[in-house]
Amino acid sequence: MTLNKKYLTILARQYPTEREVITEIANLQAILSLPKGTEHFLTDIHGENEQFSHVLRNGSGSIRTKIEEVFGNTETSSNKRALATLIYYPKEKLERVKLTEPDMNDWYAVTLHRLVAMTRRVSSKYTRSKVRKAMPQDFAYLIEELITEKEEINDKQAYYNEIIQTVIRIGAADALIEALCNLIQRLVIDHLHIIGDIFDRGPGPHIILDSLLNYHSLDIQWGNHDVVWMGAAAGNKACIANVVRLCARYNNLDVLEEGYGINLTPLVTFCMQAYGHMDRHAVHKAIAVIQFKLEHQLIKENPEFEMEKRLILDKIDWNKKTVTIDGREWQLNSTDLPTMDHENPERLSEEETVVMNRLCYSFTHCQKLQTHVKFLFRKGNLYKVFNGNLLYHGCLPLDKDGKFLSARIYGKTLSGKALYDEFELWARRGYFSKDGSKEREKGGNILWYLWTGPKSPLFGKDKMATFENMFIDDREASREHKNHYYDELEDTGTIDSVLEEFGLDPATAHIINGHVPQEVKKGDSPIKCGGKLLIIDGGFSAAYHEKTGIAGYTLVCNSYGLRLVVHEKFTNAENVIQTDSDIVSETIQVEKFPRRHYVADTDRGQEIREVISELEDLLAAYRNGDIFQNNELVR
């Protein structure tokens, strides 16, 4: 039996009759003619869980747009704002309404009709099957009846009214309202792209990841702040030290202790013993010194990383209180480092070794962190090609001539796409290889390199000047130089070569990335190279609001084109619920497609065409007798 015959025989088990094959071919062919689903792109969330949650709830402003489309001038502005708030926060808004509404039954009836109209609108470009799968099972039948036109019913309005009145009478209105609101939220975003940096700075990366674990459709491109946490979960001690230091620096140790249950007691006790006091600044200094030692060791053990310039500890002159970096001597602001062995500065003290061993145990045995990191590996990559666009967090490293920069990884010299692929291969080995194996150690070191290495596509700078920022007052010492990629952002030839490297058509494709906050208040634009490149880091993190002048971007790609949603600062959910306010957002049209895009134009469309071709082969096999219906072979 040929391979094709074997495959068709297996396919026949799923479609055992000719009629079932015909039905599925017709169904799939019809799906190709539907408008493509709406994609939302977000980047550099940095633990801002409340703003992130709100942006998902309001569909980056899409729900307000849909409300205007459905109700226009037939509803007052206040009613439309109240409806939007209800859709965003149904349970909380219902509680407030009940405190002031004199006739809840009348309110329920009006509101349910409005929500049904909204659900019809947002579900209109999907198949019934897809909408049905998105519905909560306990209300699926009722919702489907309410949002589906029934031509066979003469008085349809009476029919729908009777359903709604019955739901109100039996006390199920609250539950149905919540179900409809959640369904509307679900349908306005067909697919979500997170282009890196979920972790660090903000207070709730663990909350964000909890919310994404069961998200209906998404992918993640790892950022440098993600891979350092992934390396920490894998047990790489240099990554662990970096993670703890960053949490201390941004006053987010609660993320470790309460969010993930990481035991910091050994570190706190060590701070008291070694430095004589304990606060987050002492923790920051203590773990930073450990980090510098671990990184010194790692760099010496991995000459292929070409990071010898970051071997700083042995360049300290303890008598003069200076350090020599890149051939220049700098004055240190402190040499109060009681755990530093001046003769062997990279050596951890016995107490530091104990601290790191205990932290390593906590990180590698934290079930919640391991769940989150496995999710990042399952849904994430260093880059992704999706519907004709190239997504990555930082940059494709270039040399001074604008050519792809080569890096050596464990004996292989690579550049461009091949470099990304090799980095990802070792990143996965660093987590999934056997504990204690050389593969796991080498992969863990790559995860650290992706966080801070000069040729890392996620970092994109010549150095991470943590030591200089802490111990040298002269800001010249801590200057970090960006990769030459950032000098080529407006060069069409360079951007086209990057797209071609990943097999994309420069005439239609885009690069979408983040990592570098766009200082809008200084005139920066996220739209580069005539729209071929979009850097959509607008400072989602509160730490960047002052720098950027805004509070983040969402890039939205629907069937008509690309638009950029510019977000102002989000206050809190309580304020939204009380005042029916929302994030003030501005929309910038990036590109309008020459024609509307359909499912046929997407990656999913290509997959569907392949399935149709296979089903047509099965249909032919049924008809010519090669395969009997009900999967009985005759030849």
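**Strands and rings in a predicted model**

Biologist: Which strands pair in the antiparallel sense over three bridges?
Modeller: Those are β1 and strand β15, which covers residues 553–557. Please keep in mind that this is a predicted model.

Biologist: Which residue in β15 is the bridge partner of Phe41?
Modeller: The partner of Phe41 is Leu555.

Biologist: How many bridges join β1 to β2?
Modeller: Four bridges join them, and β1 and β2 run parallel. Strand β2 spans residues 191–194, and its residue His191 is the bridge partner of Glu39.

Biologist: Are the faces of β1 covered or uncovered?
Modeller: Both faces of β1, residues 39–42, are covered. Glu39 and Phe41 lie on one side, His40 and Leu42 lie on the other, and all of them are buried.

Biologist: Now to the rings. How many aromatic pairs does the structure hold?
Modeller: The structure holds 21 aromatic pairs. One of them is formed by Tyr431 and Phe432, with 4.9 Å centre to centre and 80 degrees between the planes. This pair counts as edge-to-face because the angle is over 60 degrees.

Biologist: Is Tyr431 buried or exposed?
Modeller: Tyr431 is buried, because its relative accessible area is 6% and the cut-off for buried is under 20%.

Biologist: Which residues form one aromatic cluster?
Modeller: The cluster is made up of Tyr383, Tyr392, Tyr420, Tyr485, Tyr486 and Phe502.

Biologist: One last topic: where does the charged end of Arg429 sit?
Modeller: The charged end of Arg429 sits over the ring of Trp426, 4.5 Å from its centre. Arg120 has its charged end over the ring of Tyr160, 5.0 Å from the centre of that ring.

How values were computed
Residues numbered from 1 in each chain as written. Predicted model: local features only at pLDDT ≥ 70, side-chain atom pairs only at ≥ 80, totals over all residues. Heavy atoms only, no water. Phe/Tyr/Trp six-rings, centres within 6.5 Å; stacked < 30°, edge-to-face > 60°. Buried < 20%, exposed > 50% of the residue type's maximum accessible area, 1.4 Å probe, protein only. Lys NZ or Arg CZ within 6 Å of the ring centre and 35° of its normal. Helix = DSSP H or I, 4+ residues; strand = E, 2+ residues; numbered from the N terminus. Pairing = 2+ DSSP bridges.
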